[in-house]
Amino acid sequence: MFSPAELLGPCLTRAPPQESMRAYAANVYTSVVAELTNRPQRRFIAVEQEFFRLWWTSVASEKQKYQVHQLLKKGQLEFVLGGQVMHDEAVTHLDDQILQLTEGHGFLYETFGIRPQFSWHVDPFGASATTPTLFALAGFNAHLISRIDYDLKEAMQEAQGLQFVWQGSKSLSAQQQIFTHVMDQFSYCTPSQLSFSNRSGFYWNGVAVFPEPPPDGVYPNMSEPVTPANIDLYAKELVANVKQRAAWFQTPYILWPWGCDKQFFNASVQFANMDPLLDHINNRSQELGVSVEYATLGDYFRALHALNISWAVYNHHDFLPYSSEPFAAWTGFYTSRSMLKGMARRASALLYAGESMFTRYMWPVPHGALDPTWALQQLQQLRWAVSEVQHHDAITGTESPKVRDMYMEHLATGMQGVRKIMSSIVLDKFQLRLTARAAESEVWSEPGSNPRPDGYSASVYNPLAWTVTTIVTLTIHFPRVSVTDEMGHPVPAQIQNSTKDPSAYDLLILSVIPGLSYRHYRVMPTTEAQEATTMATTLRFKSKLRRHSSSQKKRLVTMANDCYTVQFDQDTNLMHSIWERESNRTVPLTQEFLEYQANGDVHQGPVSDNYMFTANKTAVPAWKTVVMELVRGKLVTEVRQYFYRNTTAQNYTFAIHSRLAHVSSDPDQELLCHRIEQKYRVGPLELNREAILRTSSDISNQKLIYSDNNGYQMQRRPYQAFVNNVIARNYFPMVQSAFIEDNKSRLVLLSERAHGISSQDNGQVEVMLHRRLWNNLTWNLNYNLTLNDTSIVSPMLWLLLGPHSVTTALRPRMGLALQHRPIVLVRELASKGVPMARSAPKLPVPQEQEAVTLPPNLHLQILSIPGWNYSRVHTKHRYLRKGHQPKAQADLHRVLLRLHHLYEAKEDPFLSQPVTVDLETILRGLGPVVAVKERSLTGTWDIRSLQRWNWRTKTGHQKGGNPCHSPSQVPARLWSWTDLVQMQPSTFMATGSQGALSPMTLQPPDFQSRSRKAWISLRLPMPHAGTHMSVHVCEKCTHTHGPHTLPVPWARAPSS
């Protein structure tokens, strides 16, 4: 089968990235639609919806839209994957992967009535075991990947093991397995070398240059056109490559991708050369032993499925890390552009909170003056910004600085909009509008707008579906305050010197917030000390030089609560040990900053860059002196360590702020008690430095570490003694959690952004926090990918230490508590000439909705009004039989609800059990509910109608089918209970009464996109069958190196 494809690179030209993307998308889809319409045998696949949607909404004419509908109907154009982007698999979070798939799938379903059934994940830098599970839950029948470790791919090729059934989840196993195809060593691109020409092969339109084309029309890297003089040479080249690949697969069908990055921007040139070449091969199929034809990815997988052969089963392990050759370990991007990684996760968390707050506000009727049309547009804008940054050349940090700036601008704009929604909801709920009536008591203004505010009012929203006990931090400008809650009662609080502003103070408030609920606090300056609000004391210790700790009796400084006693050594100003109460064990533990010093000259050896980490030597200490401060208060104790690069440095380069809350280990406070919160400051780094935090202990882990796949499941990461590049190849991604352990204790690290992590020695765990690099590799210089990152980053880790049973129970919930910390909305109170009561009157108390409390092993993964406008009947879709459609009318009556079981099977004797949950508890307060239906992961399939393909496995079973436990769709008032099994995300759509809410028109955010691709698939005889081979050419798939889109030629063996 022959399939065409093209990809948009990290940076096409020096033009603004949005301008380049718009021009590229316009050229690709305009020319592809025209060429497919001209010849019915041609095929093409499109992958990423951000690019296609850009063309559809801002470029395509009504005629072109009609043509797209017809091409889809005829099977010439096929959408595969269908997400907004082709997301990275190493450093993205599960929630964000689902979001970007949901956004793309919703658009395709309401626009065309189609649901993608095959994945095209050819370019992420390694493959996560989370992905096959998610794609099975989304209704996919087959999965395609490419980038796995080079030596593993070579072994799989030799064993004809590139195709298998992947059981990505240990707990869900065969229930969510999916057939998986790994592309061979040629990957997703057409072979570029021709034996008869010094020009590249099969790239007749060259490489895209946008937004302005070359004046002479000659694009870089254009292949020699197919002519009568060379067509036989081209044919022999293609056939030879097909036969080489045939030896690596079990079936008579071979997928041959046609295209690569930045291709098919001039589809007429591509097809004009490939059409005669395929005809030439087919006319000589008896001689050549191969026949070819265009095909979509679906054509290829349908041909494989029809063979009904038995496939090997691959278990729940992933394909990370990824090395493309001995000194090319793609493990640097786990940390590259840490600031972007942190901002992307904060934006995701804010969106998560905004979605549930808006949903609860809107149902059953809006509670105030908030304009639903405007609010849904703000949410949509952040949905798209969070979705696009999941791209495998975005959150990975592998883009140029100007493209990074575009991502960050989109995120910042989206976050600002959602914060405005949340602030408006709080104002509406508490009737504090800037009206004459409200001004009788107080006026709200944005923080910082008044240089001398008379006080603050803070609303704190808990987006999790369980009660959270936490410390809320506000920055204030007066040293004595009273803090009262919504009832006017004093609240425990602590004041200490601010770590951000020397002239300000940090106010810490102990807050207990029910699920999906608010707490409201009023902060007023006072002249006298308040009993409930205390001032912390600060003790500063002398600077200490870096040296080995002496064996003398230690002078230790402690911070302690009911769960831990953490000790610091006054002789070194470093952490000394942690005593944990559960097992009554003291674990010696130290932390320090080190750096890998990278090579920047390709003539001197391998280099590190945005993508790759190449450690020529072990890491060396990055500091000479360290200063320590002890901040002790009633609510928390903090130890602040400042690390200076040398003895004369005026500013520190590294810092650790460790915090322990003074709370009990009771169930309602255990998450706060059992964590040691650490916030770091790293940078600016010197050039060609990669900074790590190394934690050393006496935990005998034998260099074995566990890290998570996308915040979903843990992977066992044994240290491997590779011949080359051993340090970098033993680095792994940590998206949300990692741990080391022995038979007594487990040390867990929880993160709010992705990092690279490793255990290079017994008892050690090192986290890469920041990178600043430059090298003279031509490709990096051309695309400005040298990662000369001069920023200062402030990542955060929470440490959890204890026996296996305790850490197993707490780790998933604590990771979510870190990811989804309460949202704090602060307003300054200013009298503006209006007399204000100084006695802290009660804030207005509205009619609060009931709190939501799920069992401790369940997580409310989403509660959202998506605004989709397709028919609830799910077999009827508005406007789909026409080539055009009016502006979408957002539907406010449907709520998307997803619950996620957090624990693996047999992981915990209690928490790992399946759960029966009362959905009415979650939906209570939303008003009249007409029906609740269980959906596929992205909400587009009714589970009752979703039947995935069964693939026979060598275990003797045929698996696949319906991806969910027991589909449920019950009438209102009978749908109350549903069962969730281990690690299972279950998605529901609730439909409410339409009496109070009316549809509204939504305009899409003006975001750009990314991607397409093309391919060829081939049909070959079974080994030694003695028949001719046939080839399928798969044309074009979209991918954010450009749109991933592919035409697919597909070859059949001639009849004997």
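The model is predicted, so local features need pLDDT of at least 70 and side-chain atom pairs count only at pLDDT 80 or more, while totals for chains, interfaces and linings use all residues. Residues are numbered from 1 along each chain as its sequence is written, and side-chain values use heavy atoms, with hydrogens and water left out.

**Cavities**

- A search of the whole structure finds eight cavities of 30 Å³ or more, a cavity being a set of points on a 1 Å grid over the protein atoms alone where a 1.4 Å probe fits but cannot get out.
- The largest cavity has a volume of about 230 Å³, taken as the space filled by probe spheres set on the points, which are joined across faces, edges and corners.

**Aromatic contacts**

- The structure holds 58 aromatic pairs, in which rings of Phe, Tyr and Trp (its six-membered ring) have centres within 6.5 Å, with planes under 30 degrees apart counted as stacked, over 60 as edge-to-face and the rest as tilted.
- Trp55 and Trp56 form a tilted pair, because their ring centres are 6.4 Å apart and their planes lie at 55°.
- Phe271 and Tyr294 pair edge-to-face, with centres 5.7 Å apart and planes at 70°, and both residues are buried, that is, under 20% relative accessible area (1.4 Å probe, protein chains only), where exposed means over 50% and partly exposed in between.

Methods
On a 1 Å grid over the protein atoms alone, a cavity is a set of points where a 1.4 Å probe fits but cannot get out, and a pocket is an open set with protein on both sides within 12 Å along at least five of seven lines; lining residues have an atom within 4 Å of a point.
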